[in-house]
Amino acid sequence: MKKNKLKLYLVSQTENSGCDTYDSFVIACEDEDVARNANPQDGCVTTKKDWLYLYSSWCSSPDHVIVTYLGIADASVKHGIVCSSFNAG
């Protein structure tokens, strides 16, 4: 049986909480740094340099992100955002 090396992280923020914003998402990835730099706005993993170009429905910086380790992903789970919480308005 193939072992998955991906971990699951809950990524959240409280800086931007208005309508049409994301408050959190779960991501399957290699480590906390990748999780911290992911942006649910377009489902991608970004660099800090690119962060401000994506800011509108997420927080303004990876420094405002809270990352919580959840566990090891099942081998069937692929790298990327698994689910997200969007506050439509």
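Reader: What pattern does the protein chain follow, read along the sequence?

Author: Happy to start there! In this predicted model, the pattern is β-β-α-β-β-α-β-β. The protein chain holds two helices and six strands.

Reader: What makes β1 and β2 paired strands?

Author: Two strands pair if DSSP finds at least two bridges between them. Six bridges join β1 to β2, so this pair meets the cut-off. The two strands run antiparallel.

Reader: Which strands form the open sheet, and in what order?

Author: The order is β5-β1-β2-β6, with antiparallel pairing. On average, neighbouring strands of this sheet are turned by 15 degrees against each other, direction ignored.

Reader: Why are β5 and β6 said to stand at the edges?

Author: Each of them, β5 (66–72) and β6 (80–87), has a single partner strand, so one side of each lacks a neighbour in the sheet.

Reader: Which residues touch the most other members of the largest nonpolar core?

Author: They are Y9, V11, I27, A35 and W58, in a core of 13 residues. At least two core residues come from each of β1 (7–12), β2 (21–29) and α1 (32–36). The most come from β2, which gives four.

Reader: How do you know what A35 touches?

Author: Contact means heavy atoms within 4.5 Å. Leaving out residues up to four places away in sequence, A35 touches Y9, V11, F25, I27, C29 and V67.

Reader: What share of the protein chain is called buried?

Author: Buried means under 20% relative accessible area, and 39% of the 89 residues are buried.

Technical notes:
Residues numbered from 1 in each chain as written. Predicted model: local features only at pLDDT ≥ 70, side-chain atom pairs only at ≥ 80, totals over all residues. Heavy atoms only, no water. Core = buried A, V, L, I, M, F, W, Y, C linked by side-chain atoms within 4.5 Å. Buried < 20%, exposed > 50% of the residue type's maximum accessible area, 1.4 Å probe, protein only. Axes fitted to C-alpha atoms, helices over the stretch in contact; angles between N-to-C directions.
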